[in-house]
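Dear colleague,

I am passing on the structure we spoke about, with some notes on what was found in it. Please read them beside the coordinates.

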Amino acid sequence: MAKDKIDTIESKIDAKVRDVQGHVKDAAGGLTGDIGLQADGKVDQFTAHMQEDFADLYEEGEGAVEKAVTFVRDKPLLSLGIVSVVGILLGWLFFPRRSRS
């Protein structure tokens, strides 16, 4: 397994652990009437959800990069043509020709 894949799996596991801790803190705060502990639990839950969402986005981004690299390896001339056309269009958009009047 690649190191990035292991890192995202570890991040997801850490997020699950933090989410469970957040639920426990939230419940304990609710039972004891400790609003600070309850708020801390909610913050832990929110952080866990964001950490898990970020790991998912990272995996999706990795997949898109792998697809692009495969496309460039399989069709290098077409890739060069696409990049050239995009470069020319961006050049015309950002650096329009000036009239010599």
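Leaving aside its neighbours within four places in sequence, which residues is Ser 79 in contact with? The contacts are Phe 71 and Val 72, where contact means heavy atoms within 4.5 Å.

Before the rest, a word on the basis of these notes. This is a predicted model, in which local features need pLDDT of at least 70 and side-chain atom pairs count only at pLDDT 80 or more, while totals for chains, interfaces and linings use all residues. Residues are numbered from 1 along each chain as its sequence is written, and side-chain values use heavy atoms, with hydrogens and water left out.

As to the overall fold, the protein has three helices and zero strands, giving the pattern α-α-α along the sequence; helices (H or I, at least four residues) and strands (E, at least two) are DSSP runs, numbered from the N terminus. The radius of gyration, taken over C-alpha atoms, is 24 Å, whereas a compact globule of 101 residues would have one near 13 Å, by the rule of 2.2 Å times the number of residues to the power 0.38. The C-alpha trace spans about 80 × 45 × 15 Å along its principal axes. Buried residues make up 14% of the 101 residues, where buried means under 20% relative accessible area, exposed over 50%, and partly exposed in between (1.4 Å probe, protein chains only). Of the contacts with a separation of 6 or more, 51% are between residues 24 or more positions apart.

Ser 79, with which I began, has its place in helix H3, and it counts as buried because its relative accessible area is 8%.

Ser 84 is also found in helix H3, which covers residues 76-94, but this serine counts as partly exposed because its relative accessibility is 37%. A polar atom of the Ser 84 side chain lies 2.8 Å from the backbone oxygen of Leu 80, which falls within the limit for a polar contact (a pair of N or O atoms within 3.5 Å, one able to donate a hydrogen and the other to accept it; residues adjacent in sequence count only if both atoms are side-chain atoms). The C-alpha atoms of Ser 84 and Val 20, which are 64 residues apart along the chain, are separated by 51 Å.

Ser 11 lies in helix H1, residues 3-32, and is buried, with a relative accessible area of 18%. Beyond its neighbours within four places in sequence, Ser 11 is in contact with Gln 51 and Ala 55.
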